[in-house]
Amino acid sequence: QQVFDEFFAGPKCHEELVSRSEGFLRILISENCLKEEDFDLIWSSISKNAARTNAFYRVLKLLADSLDTKQILYFIEKVADKPVHRMTGTDIELLQDLAVQSGKSEDAKLNREKVLIIVWRYLFYEVQKGPNDPKR
């Protein structure tokens, strides 16, 4: 646990370490060693830095097939909590990948519906801004 905490929350957390964490995280996921608090720690750490966020999104896309429906929903909701004006195309791509990986269960259908609602809000916001908006 100490290594995990240092790796993701300590001062040594760097986007290059995050980008190389797939194997490490895949083992922890397969052994059911990660709890929601661990995901909270990861999310808190990566969301402080755009490069770390992008690196983790790339890793998360690779790990999506190893996550259970509850874990996928966790990350969908974390992205959904972002204000729509702060969402990026990268957020939408991650949501799409997570929705596809969530499977065919009833829970997975709910995940996909949540993603569609988020994407709709994002698209509606983008259209409202217009092509000449400086926030674009």
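This is a predicted model: local features need pLDDT of at least 70, side-chain atom pairs count only at pLDDT 80 or more; totals for chains, interfaces and linings use all residues.

Colleague: Where is Asn32 found, and what is its phi near?

Modeller: Asn32 is in the loop between α3 (22–30) and α4 (36–46). Most residues other than glycine have a negative phi. Asn32 isn't a glycine, yet its phi is positive, near 55°.

Colleague: How do α5 and α7 run, roughly parallel or roughly perpendicular?

Modeller: The axes of α5 (residues 50–63) and α7 (residues 89–101) come within 10 Å and cross at roughly 15°. Angles under 35 degrees count as roughly parallel, so α5 is to α7 roughly parallel.

Colleague: Which residues of α5 make that contact, and how do the residues of the contact divide?

Modeller: On the α7 side you have Thr90, Asp91, Glu93, Leu94, Asp97 and Leu98. From α5 come Asn54, Tyr57, Leu60 and Lys61. The residues of the contact divide into four nonpolar, two polar and four charged.

Colleague: Which element gives the largest share of the largest nonpolar core?

Modeller: That core has 35 residues, and Leu25, Ile42, Phe56, Phe75 and Leu98 touch the most other members. Elements giving two or more residues include α1 (2–9), α6 (69–80) and α8 (106–129). The largest share, six residues, comes from α5.

Colleague: What is Leu25 in contact with, leaving aside neighbours within four places in sequence?

Modeller: Leu25 is one of the core residues that touch the most other members. Beyond those neighbours, its contacts are Phe4, Phe8, Leu34, Ile42, Phe56, Val59 and Leu63.

Methods: Residues are numbered from 1 along each chain as its sequence is written. Side-chain values use heavy atoms; hydrogens and water are left out. Helices (H or I, at least four residues) and strands (E, at least two) are DSSP runs, numbered from the N terminus. Axes are lines fitted to C-alpha atoms, for helices over the stretch in contact, and angles run from 0 to 180 degrees between N-to-C directions. Angles under 35 degrees count as roughly parallel, over 145 as roughly antiparallel, 65 to 115 as roughly perpendicular and the rest as oblique. Contact means heavy atoms within 4.5 Å. Ala, Val, Leu, Ile, Met, Phe, Trp, Tyr, Cys and Pro count as nonpolar, Asp, Glu, Lys and Arg as charged, and the others, Gly among them, as polar. A nonpolar core is a set of buried Ala, Val, Leu, Ile, Met, Phe, Trp, Tyr and Cys residues joined through side-chain atoms within 4.5 Å. Buried means under 20% relative accessible area, exposed over 50%, partly exposed in between (1.4 Å probe, protein chains only).
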